[in-house]
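Here is a short tour of a structure, written to be read with the model open beside you. Take it one section at a time, and turn the view as you go.

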2 protein chains.
Amino acid sequence: MSAHHFSEADRELLYQVIRERRDMRHFIADSKINDVVLTRILDAAHAAPSVGLMQPWRFIHIKQTGLRDSVVALVEQERVQTAKQLGGREAEFLRLKVEGLRECAVLIAVVQAPDDGTVFGRRTMPKEMALCSTACAIQNMWLASRVENLGMGWVSFFDPEALANLLACPEGAKPIALLCIGPVREFYDRPMLAQEGWRQGRALQECLFEDSWPENVPNE
Amino acid sequence: MSAHHFSEADRELLYQVIRERRDMRHFIADSKINDVVLTRILDAAHAAPSVGLMQPWRFIHIKQTGLRDSVVALVEQERVQTAKQLGGREAEFLRLKVEGLRECAVLIAVVQAPDDGTVFGRRTMPKEMALCSTACAIQNMWLASRVENLGMGWVSFFDPEALANLLACPEGAKPIALLCIGPVREFYDRPMLAQEGWRQGRALQECLFEDSWPENVPNE
(Lines give C-alpha, C1' and ligand atoms only; values in the text may rest on other atoms or scores of the structure.)
Protein backbone atom coordinates (compact mmCIF):
# COMPACT_ATOMS: atom_id res chain seq x y z
CA MET A 1 0.00 0.00 0.00
CA SER A 2 1.16 3.50 -0.71
CA ALA A 3 0.74 6.45 1.61
CA HIS A 4 2.73 8.91 -0.47
CA HIS A 5 1.73 12.43 0.46
CA PHE A 6 1.77 15.07 -2.27
CA SER A 7 2.71 18.62 -1.26
CA GLU A 8 0.97 21.90 -1.92
CA ALA A 9 3.55 22.66 -4.61
CA ASP A 10 2.85 19.31 -6.28
CA ARG A 11 -0.84 20.14 -6.26
CA GLU A 12 -0.32 23.54 -7.85
CA LEU A 13 1.84 21.98 -10.54
CA LEU A 14 -0.80 19.41 -11.50
CA TYR A 15 -3.47 22.11 -11.65
CA GLN A 16 -1.22 24.22 -13.85
CA VAL A 17 -0.75 21.34 -16.31
CA ILE A 18 -4.52 20.75 -16.32
CA ARG A 19 -5.20 24.46 -16.93
CA GLU A 20 -2.58 24.84 -19.67
CA ARG A 21 -3.50 21.70 -21.62
CA ARG A 22 -4.95 22.60 -25.00
CA ASP A 23 -6.47 20.76 -27.93
CA MET A 24 -3.82 21.83 -30.45
CA ARG A 25 -4.27 22.15 -34.23
CA HIS A 26 -1.05 23.99 -35.09
CA PHE A 27 2.21 22.08 -35.10
CA ILE A 28 5.76 22.70 -36.27
CA ALA A 29 6.09 20.88 -39.59
CA ASP A 30 8.93 18.42 -40.16
CA SER A 31 9.54 18.05 -36.43
CA LYS A 32 10.14 14.81 -34.55
CA ILE A 33 9.48 13.27 -31.16
CA ASN A 34 12.14 11.18 -29.49
CA ASP A 35 11.05 7.53 -29.00
CA VAL A 36 11.79 7.77 -25.29
CA VAL A 37 9.42 10.71 -24.96
CA LEU A 38 6.69 8.98 -26.95
CA THR A 39 7.00 5.89 -24.78
CA ARG A 40 6.57 8.01 -21.64
CA ILE A 41 3.38 9.47 -23.09
CA LEU A 42 2.06 6.02 -24.00
CA ASP A 43 3.00 4.66 -20.58
CA ALA A 44 0.90 7.47 -19.08
CA ALA A 45 -2.02 6.37 -21.26
CA HIS A 46 -1.61 2.77 -20.22
CA ALA A 47 -1.65 3.76 -16.53
CA ALA A 48 -5.25 4.91 -16.92
CA PRO A 49 -8.08 3.26 -15.01
CA SER A 50 -10.35 0.89 -16.89
CA VAL A 51 -13.59 -0.79 -15.96
CA GLY A 52 -12.94 -4.36 -14.82
CA LEU A 53 -9.26 -3.78 -15.79
CA MET A 54 -10.24 -4.28 -19.45
CA GLN A 55 -7.63 -1.86 -20.82
CA PRO A 56 -9.71 -1.61 -24.02
CA TRP A 57 -7.42 0.96 -25.71
CA ARG A 58 -5.27 0.12 -28.71
CA PHE A 59 -2.80 2.55 -30.24
CA ILE A 60 -1.88 2.34 -33.91
CA HIS A 61 1.15 4.48 -34.62
CA ILE A 62 0.80 5.64 -38.22
CA LYS A 63 4.35 5.74 -39.50
CA GLN A 64 4.22 5.24 -43.27
CA THR A 65 3.90 8.48 -45.19
CA GLY A 66 1.50 6.94 -47.69
CA LEU A 67 -0.75 5.74 -44.89
CA ARG A 68 -0.79 9.19 -43.30
CA ASP A 69 -1.79 10.63 -46.68
CA SER A 70 -4.70 8.19 -46.86
CA VAL A 71 -5.80 9.17 -43.35
CA VAL A 72 -5.63 12.86 -44.29
CA ALA A 73 -7.79 12.13 -47.34
CA LEU A 74 -10.40 10.41 -45.15
CA VAL A 75 -10.50 13.35 -42.77
CA GLU A 76 -10.72 15.76 -45.67
CA GLN A 77 -13.83 13.92 -46.94
CA GLU A 78 -15.45 14.24 -43.52
CA ARG A 79 -14.47 17.91 -43.29
CA VAL A 80 -16.41 18.56 -46.48
CA GLN A 81 -19.45 16.71 -45.12
CA THR A 82 -19.38 18.65 -41.86
CA ALA A 83 -18.90 21.96 -43.67
CA LYS A 84 -22.04 21.24 -45.69
CA GLN A 85 -24.02 20.89 -42.47
CA LEU A 86 -22.56 24.05 -40.96
CA GLY A 87 -22.11 26.49 -43.84
CA GLY A 88 -20.79 30.05 -43.82
CA ARG A 89 -18.14 31.35 -41.46
CA GLU A 90 -18.20 28.23 -39.30
CA ALA A 91 -16.99 26.09 -42.15
CA GLU A 92 -13.83 28.18 -42.31
CA PHE A 93 -12.71 26.88 -38.93
CA LEU A 94 -12.65 23.38 -40.24
CA ARG A 95 -9.53 24.08 -42.24
CA LEU A 96 -7.55 24.15 -39.01
CA LYS A 97 -8.63 20.64 -38.14
CA VAL A 98 -6.88 19.12 -41.12
CA GLU A 99 -3.64 21.04 -40.99
CA GLY A 100 -2.72 19.45 -37.68
CA LEU A 101 -2.76 15.99 -39.25
CA ARG A 102 -0.27 16.86 -41.93
CA GLU A 103 2.21 18.70 -39.77
CA CYS A 104 2.29 16.95 -36.43
CA ALA A 105 5.38 14.90 -35.61
CA VAL A 106 3.46 11.78 -34.59
CA LEU A 107 0.03 10.52 -35.62
CA ILE A 108 -1.66 7.84 -33.54
CA ALA A 109 -5.05 6.26 -34.12
CA VAL A 110 -6.76 5.17 -30.92
CA VAL A 111 -8.98 2.18 -31.46
CA GLN A 112 -11.55 0.71 -29.11
CA ALA A 113 -10.79 -3.03 -28.93
CA PRO A 114 -13.55 -5.56 -29.66
CA ASP A 115 -15.57 -6.29 -26.55
CA ASP A 116 -13.88 -8.97 -24.41
CA GLY A 117 -17.06 -9.83 -22.51
CA THR A 118 -16.08 -8.37 -19.14
CA VAL A 119 -19.17 -8.12 -16.90
CA PHE A 120 -17.59 -6.53 -13.83
CA GLY A 121 -18.75 -2.91 -13.48
CA ARG A 122 -20.43 -2.74 -16.87
CA ARG A 123 -23.54 -4.89 -16.87
CA THR A 124 -25.88 -1.95 -17.42
CA MET A 125 -23.65 0.29 -19.61
CA PRO A 126 -21.12 -2.01 -21.29
CA LYS A 127 -20.20 0.11 -24.31
CA GLU A 128 -20.18 3.37 -22.42
CA MET A 129 -17.90 2.14 -19.65
CA ALA A 130 -15.37 0.64 -22.06
CA LEU A 131 -15.32 3.83 -24.10
CA CYS A 132 -14.90 6.00 -21.00
CA SER A 133 -11.85 3.95 -20.03
CA THR A 134 -10.20 4.73 -23.36
CA ALA A 135 -11.07 8.41 -23.01
CA CYS A 136 -9.37 8.46 -19.60
CA ALA A 137 -6.23 7.05 -21.24
CA ILE A 138 -6.36 9.78 -23.88
CA GLN A 139 -6.73 12.48 -21.22
CA ASN A 140 -3.59 11.14 -19.55
CA MET A 141 -1.80 11.46 -22.90
CA TRP A 142 -2.99 15.03 -23.24
CA LEU A 143 -1.60 16.02 -19.87
CA ALA A 144 1.59 14.03 -20.47
CA SER A 145 2.12 15.76 -23.82
CA ARG A 146 1.66 19.19 -22.23
CA VAL A 147 4.17 18.51 -19.48
CA GLU A 148 6.57 17.27 -22.19
CA ASN A 149 6.02 20.70 -23.81
CA LEU A 150 4.35 19.05 -26.78
CA GLY A 151 0.95 19.78 -28.24
CA MET A 152 -1.76 17.18 -28.76
CA GLY A 153 -4.98 17.40 -30.74
CA TRP A 154 -7.84 14.90 -30.86
CA VAL A 155 -9.26 14.78 -34.39
CA SER A 156 -12.70 13.15 -34.55
CA PHE A 157 -13.54 14.14 -38.13
CA PHE A 158 -13.67 10.76 -39.82
CA ASP A 159 -15.94 7.90 -40.75
CA PRO A 160 -14.96 5.24 -38.18
CA GLU A 161 -15.74 2.34 -40.54
CA ALA A 162 -13.58 3.73 -43.31
CA LEU A 163 -10.69 4.32 -40.90
CA ALA A 164 -11.13 0.83 -39.42
CA ASN A 165 -10.79 -0.62 -42.92
CA LEU A 166 -7.72 1.46 -43.67
CA LEU A 167 -6.03 0.19 -40.50
CA ALA A 168 -7.14 -3.43 -40.97
CA CYS A 169 -9.07 -3.42 -37.69
CA PRO A 170 -10.96 -6.63 -36.87
CA GLU A 171 -14.74 -6.89 -36.53
CA GLY A 172 -15.90 -4.99 -33.47
CA ALA A 173 -12.89 -2.68 -33.22
CA LYS A 174 -13.74 1.01 -33.57
CA PRO A 175 -11.36 3.93 -34.11
CA ILE A 176 -12.38 6.84 -31.89
CA ALA A 177 -9.50 9.29 -32.20
CA LEU A 178 -6.72 10.44 -34.44
CA LEU A 179 -4.19 11.97 -32.08
CA CYS A 180 -1.78 14.55 -33.46
CA ILE A 181 1.20 14.98 -31.17
CA GLY A 182 4.25 17.12 -31.67
CA PRO A 183 6.21 20.29 -31.05
CA VAL A 184 4.23 23.53 -31.30
CA ARG A 185 5.38 27.12 -31.41
CA GLU A 186 3.16 28.07 -28.47
CA PHE A 187 -0.08 26.99 -26.84
CA TYR A 188 -3.45 28.73 -27.17
CA ASP A 189 -4.22 30.82 -24.09
CA ARG A 190 -7.81 29.59 -24.13
CA PRO A 191 -9.53 26.76 -26.03
CA MET A 192 -9.12 27.54 -29.72
CA LEU A 193 -12.89 27.59 -30.31
CA ALA A 194 -13.31 30.20 -27.55
CA GLN A 195 -10.29 32.20 -28.71
CA GLU A 196 -11.72 32.33 -32.23
CA GLY A 197 -15.15 33.39 -31.00
CA TRP A 198 -16.88 30.21 -32.12
CA ARG A 199 -18.34 29.54 -28.69
CA GLN A 200 -17.58 30.52 -25.08
CA GLY A 201 -17.33 28.01 -22.27
CA ARG A 202 -19.84 28.11 -19.46
CA ALA A 203 -19.05 28.67 -15.77
CA LEU A 204 -18.57 25.63 -13.54
CA GLN A 205 -21.59 26.76 -11.49
CA GLU A 206 -23.86 26.10 -14.47
CA CYS A 207 -22.73 22.46 -14.43
CA LEU A 208 -22.97 21.91 -10.68
CA PHE A 209 -26.20 20.99 -8.92
CA GLU A 210 -27.14 19.87 -5.42
CA ASP A 211 -29.16 16.67 -4.80
CA SER A 212 -31.17 16.91 -8.02
CA TRP A 213 -31.24 18.46 -11.46
CA PRO A 214 -32.95 21.84 -10.99
CA GLU A 215 -36.06 22.72 -12.98
CA ASN A 216 -35.94 25.08 -15.92
CA VAL A 217 -32.24 24.86 -16.71
CA PRO A 218 -31.69 25.85 -20.34
CA ASN A 219 -29.66 23.32 -22.29
CA GLU A 220 -27.48 25.27 -24.69
CA MET B 1 -0.52 32.52 -26.38
CA SER B 2 1.38 30.62 -23.76
CA ALA B 3 4.88 29.30 -24.15
CA HIS B 4 5.27 28.07 -20.57
CA HIS B 5 7.97 25.44 -20.44
CA PHE B 6 7.60 22.63 -17.93
CA SER B 7 10.77 21.23 -16.36
CA GLU B 8 11.99 17.67 -16.03
CA ALA B 9 10.97 17.74 -12.36
CA ASP B 10 7.45 18.88 -13.32
CA ARG B 11 7.26 16.02 -15.77
CA GLU B 12 8.30 13.44 -13.20
CA LEU B 13 5.75 14.79 -10.77
CA LEU B 14 2.88 14.47 -13.26
CA TYR B 15 3.92 10.93 -14.12
CA GLN B 16 4.05 10.06 -10.43
CA VAL B 17 0.49 11.32 -9.91
CA ILE B 18 -0.66 9.34 -12.96
CA ARG B 19 1.08 6.17 -11.69
CA GLU B 20 -0.21 6.48 -8.12
CA ARG B 21 -3.83 7.28 -9.02
CA ARG B 22 -6.09 4.40 -7.96
CA ASP B 23 -9.75 3.54 -8.26
CA MET B 24 -10.43 3.49 -4.51
CA ARG B 25 -13.13 1.49 -2.73
CA HIS B 26 -11.99 1.96 0.87
CA PHE B 27 -12.57 5.29 2.58
CA ILE B 28 -12.35 6.64 6.11
CA ALA B 29 -15.92 6.77 7.40
CA ASP B 30 -17.33 9.98 8.86
CA SER B 31 -14.63 12.07 7.21
CA LYS B 32 -15.13 15.37 5.40
CA ILE B 33 -13.67 17.33 2.49
CA ASN B 34 -13.20 21.06 2.77
CA ASP B 35 -15.34 23.01 0.29
CA VAL B 36 -12.25 24.78 -1.05
CA VAL B 37 -10.62 21.45 -1.86
CA LEU B 38 -13.77 20.11 -3.53
CA THR B 39 -14.01 23.25 -5.66
CA ARG B 40 -10.40 22.78 -6.81
CA ILE B 41 -11.23 19.21 -7.87
CA LEU B 42 -14.35 20.36 -9.73
CA ASP B 43 -12.43 23.20 -11.38
CA ALA B 44 -9.97 20.59 -12.65
CA ALA B 45 -12.89 18.62 -14.11
CA HIS B 46 -14.29 21.71 -15.77
CA ALA B 47 -10.89 22.47 -17.37
CA ALA B 48 -11.19 19.27 -19.42
CA PRO B 49 -11.37 19.35 -23.20
CA SER B 50 -14.74 18.77 -24.85
CA VAL B 51 -15.75 18.22 -28.44
CA GLY B 52 -17.00 21.47 -29.96
CA LEU B 53 -16.62 23.01 -26.45
CA MET B 54 -19.88 21.30 -25.44
CA GLN B 55 -18.87 20.78 -21.79
CA PRO B 56 -21.53 18.06 -21.57
CA TRP B 57 -20.72 17.13 -17.94
CA ARG B 58 -23.09 17.87 -15.05
CA PHE B 59 -22.19 17.18 -11.44
CA ILE B 60 -24.89 16.47 -8.88
CA HIS B 61 -23.46 16.65 -5.38
CA ILE B 62 -25.52 14.24 -3.29
CA LYS B 63 -25.70 15.91 0.11
CA GLN B 64 -28.88 14.69 1.80
CA THR B 65 -28.35 11.55 3.86
CA GLY B 66 -31.69 10.10 2.78
CA LEU B 67 -30.79 10.58 -0.87
CA ARG B 68 -27.42 8.85 -0.39
CA ASP B 69 -29.27 5.94 1.22
CA SER B 70 -31.53 5.68 -1.83
CA VAL B 71 -28.50 5.71 -4.14
CA VAL B 72 -26.87 2.97 -2.08
CA ALA B 73 -30.05 0.92 -2.36
CA LEU B 74 -30.01 1.28 -6.16
CA VAL B 75 -26.39 0.17 -6.34
CA GLU B 76 -27.11 -2.71 -4.01
CA GLN B 77 -29.84 -3.93 -6.40
CA GLU B 78 -27.40 -3.85 -9.30
CA ARG B 79 -24.74 -5.60 -7.22
CA VAL B 80 -27.12 -8.49 -6.71
CA GLN B 81 -27.87 -8.66 -10.46
CA THR B 82 -24.18 -8.63 -11.37
CA ALA B 83 -23.36 -11.20 -8.69
CA LYS B 84 -25.93 -13.55 -10.25
CA GLN B 85 -24.08 -13.32 -13.55
CA LEU B 86 -20.68 -13.85 -11.95
CA GLY B 87 -21.18 -16.18 -9.00
CA GLY B 88 -18.65 -17.54 -6.52
CA ARG B 89 -15.64 -15.67 -5.27
CA GLU B 90 -15.98 -12.93 -7.85
CA ALA B 91 -19.29 -11.85 -6.41
CA GLU B 92 -17.53 -11.14 -3.11
CA PHE B 93 -15.62 -8.27 -4.66
CA LEU B 94 -18.84 -6.50 -5.40
CA ARG B 95 -19.41 -5.76 -1.75
CA LEU B 96 -16.55 -3.29 -1.89
CA LYS B 97 -18.39 -1.30 -4.51
CA VAL B 98 -21.19 -0.56 -2.10
CA GLU B 99 -19.10 0.08 0.99
CA GLY B 100 -17.25 2.91 -0.74
CA LEU B 101 -20.55 4.67 -1.35
CA ARG B 102 -21.52 4.58 2.29
CA GLU B 103 -18.22 5.71 3.72
CA CYS B 104 -16.78 8.26 1.31
CA ALA B 105 -16.82 11.90 2.40
CA VAL B 106 -18.39 13.21 -0.81
CA LEU B 107 -20.65 11.50 -3.32
CA ILE B 108 -21.11 13.05 -6.76
CA ALA B 109 -23.23 11.75 -9.62
CA VAL B 110 -21.85 12.66 -13.02
CA VAL B 111 -24.59 13.06 -15.58
CA GLN B 112 -24.26 13.35 -19.33
CA ALA B 113 -26.32 16.41 -20.33
CA PRO B 114 -29.03 16.07 -22.98
CA ASP B 115 -27.56 16.51 -26.45
CA ASP B 116 -27.30 20.21 -27.37
CA GLY B 117 -27.06 19.50 -31.10
CA THR B 118 -23.41 20.47 -31.59
CA VAL B 119 -22.21 19.24 -35.00
CA PHE B 120 -18.60 20.39 -34.81
CA GLY B 121 -16.28 17.38 -34.47
CA ARG B 122 -19.04 14.87 -33.83
CA ARG B 123 -21.02 14.35 -37.01
CA THR B 124 -20.05 10.68 -37.33
CA MET B 125 -19.83 9.74 -33.63
CA PRO B 126 -22.05 12.19 -31.72
CA LYS B 127 -22.80 10.18 -28.60
CA GLU B 128 -19.31 8.74 -28.31
CA MET B 129 -17.56 12.09 -28.55
CA ALA B 130 -19.80 13.76 -25.96
CA LEU B 131 -19.31 10.83 -23.60
CA CYS B 132 -15.52 10.87 -24.07
CA SER B 133 -15.48 14.55 -23.10
CA THR B 134 -17.15 13.76 -19.79
CA ALA B 135 -14.75 10.87 -19.18
CA CYS B 136 -11.82 13.26 -19.69
CA ALA B 137 -13.31 15.53 -17.03
CA ILE B 138 -13.59 12.57 -14.64
CA GLN B 139 -9.98 11.58 -15.28
CA ASN B 140 -8.93 15.11 -14.33
CA MET B 141 -10.89 14.71 -11.06
CA TRP B 142 -9.13 11.42 -10.39
CA LEU B 143 -5.70 12.96 -10.75
CA ALA B 144 -6.77 16.06 -8.80
CA SER B 145 -8.09 13.91 -5.96
CA ARG B 146 -4.84 11.95 -5.80
CA VAL B 147 -2.67 15.07 -5.64
CA GLU B 148 -5.01 16.34 -2.87
CA ASN B 149 -4.17 13.05 -1.10
CA LEU B 150 -7.79 11.94 -1.42
CA GLY B 151 -9.12 8.74 -2.92
CA MET B 152 -11.68 8.58 -5.69
CA GLY B 153 -13.69 5.64 -6.96
CA TRP B 154 -15.93 5.46 -10.03
CA VAL B 155 -18.95 3.28 -9.29
CA SER B 156 -20.79 2.14 -12.42
CA PHE B 157 -23.04 -0.47 -10.77
CA PHE B 158 -26.43 1.07 -11.29
CA ASP B 159 -29.39 1.20 -13.62
CA PRO B 160 -28.94 4.60 -15.30
CA GLU B 161 -32.67 5.15 -15.77
CA ALA B 162 -33.46 4.48 -12.14
CA LEU B 163 -30.69 6.85 -11.02
CA ALA B 164 -31.85 9.51 -13.50
CA ASN B 165 -35.33 9.32 -11.95
CA LEU B 166 -33.97 9.57 -8.43
CA LEU B 167 -32.03 12.71 -9.35
CA ALA B 168 -34.89 14.28 -11.37
CA CYS B 169 -32.80 14.33 -14.54
CA PRO B 170 -34.58 15.61 -17.66
CA GLU B 171 -35.27 13.55 -20.78
CA GLY B 172 -32.01 12.74 -22.53
CA ALA B 173 -29.76 13.17 -19.50
CA LYS B 174 -27.88 10.02 -18.50
CA PRO B 175 -25.96 9.34 -15.27
CA ILE B 176 -22.69 7.62 -16.07
CA ALA B 177 -20.80 7.65 -12.78
CA LEU B 178 -21.18 7.76 -9.05
CA LEU B 179 -17.93 9.24 -7.81
CA CYS B 180 -16.88 8.48 -4.25
CA ILE B 181 -14.28 10.97 -3.04
CA GLY B 182 -12.69 11.26 0.35
CA PRO B 183 -9.84 10.60 2.74
CA VAL B 184 -8.38 7.09 2.65
CA ARG B 185 -5.97 5.36 4.99
CA GLU B 186 -3.62 4.48 2.13
CA PHE B 187 -3.72 3.80 -1.60
CA TYR B 188 -3.54 0.39 -3.27
CA ASP B 189 -0.08 -0.28 -4.67
CA ARG B 190 -1.61 -1.72 -7.83
CA PRO B 191 -5.16 -1.67 -9.22
CA MET B 192 -7.35 -3.38 -6.65
CA LEU B 193 -8.52 -6.02 -9.13
CA ALA B 194 -4.89 -6.94 -9.90
CA GLN B 195 -3.87 -6.85 -6.23
CA GLU B 196 -6.70 -9.20 -5.36
CA GLY B 197 -5.82 -11.59 -8.16
CA TRP B 198 -9.01 -11.00 -10.13
CA ARG B 199 -7.17 -10.11 -13.31
CA GLN B 200 -3.72 -8.88 -14.30
CA GLY B 201 -3.14 -5.94 -16.57
CA ARG B 202 -1.47 -6.48 -19.95
CA ALA B 203 1.81 -4.89 -21.07
CA LEU B 204 1.68 -1.69 -23.10
CA GLN B 205 3.30 -3.52 -26.00
CA GLU B 206 0.20 -5.68 -26.38
CA CYS B 207 -1.83 -2.52 -26.99
CA LEU B 208 0.58 -0.81 -29.37
CA PHE B 209 0.68 -1.53 -33.11
CA GLU B 210 2.40 0.00 -36.10
CA ASP B 211 0.45 1.13 -39.19
CA SER B 212 -2.22 -1.56 -38.91
CA TRP B 213 -3.83 -4.02 -36.52
CA PRO B 214 -1.71 -7.16 -36.75
CA GLU B 215 -3.27 -10.48 -37.70
CA ASN B 216 -3.97 -13.16 -35.13
CA VAL B 217 -3.94 -11.00 -32.01
CA PRO B 218 -5.90 -12.75 -29.28
CA ASN B 219 -8.57 -10.55 -27.70
CA GLU B 220 -8.67 -11.43 -24.02
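## Confidence and ground rules

pLDDT is the predictor's confidence in each residue, on a scale from 0 to 100. For chain A it averages 92, and 94% of the residues score at least 70. For the complex, the predictor gives an ipTM of 0.95 and a pTM of 0.96.

This is a predicted model, in which local features need pLDDT of at least 70 and side-chain atom pairs count only at pLDDT 80 or more, while totals for chains, interfaces and linings use all residues. Residues are numbered from 1 along each chain as its sequence is written, and chains are lettered from A and ligands numbered from 1 in the order in which they are written.

## How the two chains are related

Two copies of a chain are related by a rotation about an axis and a shift along it.

## Where the chains meet

How many residues does the contact take from each chain? It takes 96 residues from chain A and 96 residues from chain B, where two residues are in contact if their C-beta atoms, placed from the backbone, lie within 7 Å. Of the interface residues of chain A, 100% are also interface residues in chain B, so the copies meet through the same surface.

Several elements of chain A each supply at least two residues to the side that touches chain B, among them helix 1 (8-20), helix 3 (65-86) and strand 5 (208-210). Helices (H or I, at least four residues) and strands (E, at least two) are DSSP runs, numbered from the N terminus. The largest share of this side, twelve residues, comes from helix 5 of chain A. By class, the side of chain A that touches chain B has 53 nonpolar, 20 polar and 23 charged residues; Ala, Val, Leu, Ile, Met, Phe, Trp, Tyr, Cys and Pro count as nonpolar, Asp, Glu, Lys and Arg as charged, and the others, Gly among them, as polar.

V119(B) sits in the loop between strand 2 (106-112) and helix 5 of chain B, and it touches T82(A), Q85(A) and L86(A), leaving out residues up to four places away in sequence. V119(B) is exposed, with 12 other C-beta atoms within 10 Å. A residue is buried if 20 or more other C-beta atoms lie within 10 Å of its own, exposed if 12 or fewer, and partly exposed in between, with C-beta atoms placed from the backbone.

## A pair of helices in chain B

Two packed helices are described by the angle between their axes and the distance between the axes. Helix 1 (residues 8-20) and helix 5 (residues 126-147) of chain B pack at an angle of about 100°, and their axes are 9 Å apart. Axes are lines fitted to C-alpha atoms, for helices over the stretch in contact, and angles run from 0 to 180 degrees between N-to-C directions. Helix 1 of chain B and helix 5 of chain B are therefore roughly perpendicular to each other (angles under 35 degrees count as roughly parallel, over 145 as roughly antiparallel, 65 to 115 as roughly perpendicular and the rest as oblique). V17(B), I18(B) and E20(B) of helix 1 make the contact with L143(B), R146(B) and V147(B) of helix 5. By class, this contact has four nonpolar, no polar and two charged residues.

## Buried residues

In chain B, I41(B) belongs to helix 2 (residues 35-46). I41(B) counts as buried, with 26 C-beta neighbours inside 10 Å. Apart from neighbours within four places in sequence, I41(B) is in contact with M141(B), A144(B), S145(B) and E148(B).

In chain A, look for L107(A) in strand 2 (residues 106-112). L107(A) has 22 C-beta neighbours inside 10 Å and so counts as buried. Its C-alpha atom is separated by 5.6 Å from that of I62(A), 45 residues apart along the chain. Not counting residues up to four places away in sequence, L107(A) touches residues including I62(A), V71(A) and C180(A).

## Positive phi in a loop

The loop between helix 2 and strand 1 of chain A holds L53(A) and also Q55(A). Phi is near 55° for L53(A), a positive value in a residue other than glycine, and phi of Q55(A), likewise positive in a residue other than glycine, is near 45°. L53(A) is buried, with 20 other C-beta atoms within 10 Å, and Q55(A) counts as buried with 26 C-beta neighbours inside 10 Å.
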